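User: Could you take me through this structure, starting with how its terms are defined?

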Amino acid sequence: MSVVSKLRLLKFKSHAHEKVFDWKWGEKSFNRIAMVNLLVANTRGWNTSYLEIGCAGNLLFHSVAAKRKVGVDPAEGGTHRMTSDAFFAANTEKYDVIFVDGLHEYQQVRRDALNALACVEEGGWIAFHDLLPSTWKEHHVPRLQETWTGDCWKVAVELSQAKGVDFRIVEVDHGVGLMRKTSSNYSVPDLSERLLDAEFDVFVDEVGSLPLISFDEAVALILSGRA
Ligand SMILES: C[S@@+](CC[C@H](N)C(=O)[O-])C[C@H]1O[C@@H](n2cnc3c(N)ncnc32)[C@H](O)[C@@H]1O
């Protein structure tokens, strides 16, 4: 560990929490790529229009079998070299499947979720990556280590209490959120007063109330046309 990393850990020592969630990601036979392709196959197949926020090395982006693909990342990958905020501010298109995996900080993910809700096609899907951290270091903002979910889970708490949307978290690949609109009159609560500065102890308290489902349950929901 570098000296800078050690100093950072020291600085945030008071945020440390002993709880470790053993999600067993390595033992699951499916990941976000399988999930997204299942969504694509069950919306408009090859004719699906796909948007990915945060593409990095295009691992997922290049694995999605859809004709029209738009990828947004200020650093690398995808098709648009810009932030998600800049992209959504200029966007006039609708998308069938949207994957949110950009900056893993609560208020950014919240904006990405609301912007995605505004431009998803009727009957379309929004998916999210990294909703289930294993440790306080994996959750911590600012980032302390390579494996990082950030505090995207705070948006999951809000989406699980939202009206007019159906939201689940599939227990694969660091937690893949699945959401679709059930009403054009949807609303997402703003719990930032309680969540903005919340640390890992709050996730430990909240995780039991999150709508966790297995991959098999997600498949059944997608095939039945409901999330
Ligand atoms: C975890 S990686 C994405 C991985 C990719 N979706 C995959 O599954 O293979 C996160 C990416 O988000 C990008 N990012 C950071 N801030 C962003 C922003 N404001 N808008 C869009 N993307 C952002 C980073 O540059 C990084 O490449």
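Analyst: Two strands pair if DSSP finds at least two bridges between them. Helices (H or I, at least four residues) and strands (E, at least two) are DSSP runs, numbered from the N terminus. This is a predicted model: local features need pLDDT of at least 70, side-chain atom pairs count only at pLDDT 80 or more, and totals for chains, interfaces and linings use all residues. Residues are numbered from 1 along each chain as its sequence is written.

User: Which residue in β2 does Leu51 stand opposite?

Analyst: Leu51 faces Val70. Strand β1 (residues 49–53) and β2 run parallel, joined by five bridges.

User: What is the strand order of the sheet?

Analyst: The open sheet has seven strands in the order β2-β1-β3-β4-β6-β5-β7, with mixed pairing. Because β2 (68–72) and β7 (212–213) each have a single partner strand, they stand at the edges, and one side of each is left without a neighbour in the sheet.

User: Changing topic, which strands does α6 lie across?

Analyst: Helix α6 (residues 153–160) lies across β5 (165–170) and β6, at about 140° to β5. Axes are lines fitted to C-alpha atoms, for helices over the stretch in contact, with angles from 0 to 180 degrees between N-to-C directions. Contact requires C-beta atoms, placed from the backbone, within 7 Å.

User: And how do α4 and α6 cross?

Analyst: Their axes come within 8 Å and cross at roughly 45°. That makes α4 oblique to α6, since angles under 35 degrees count as roughly parallel, over 145 as roughly antiparallel, 65 to 115 as roughly perpendicular and the rest as oblique.

Definitions and conventions
Contact = placed C-beta atoms within 7 Å.
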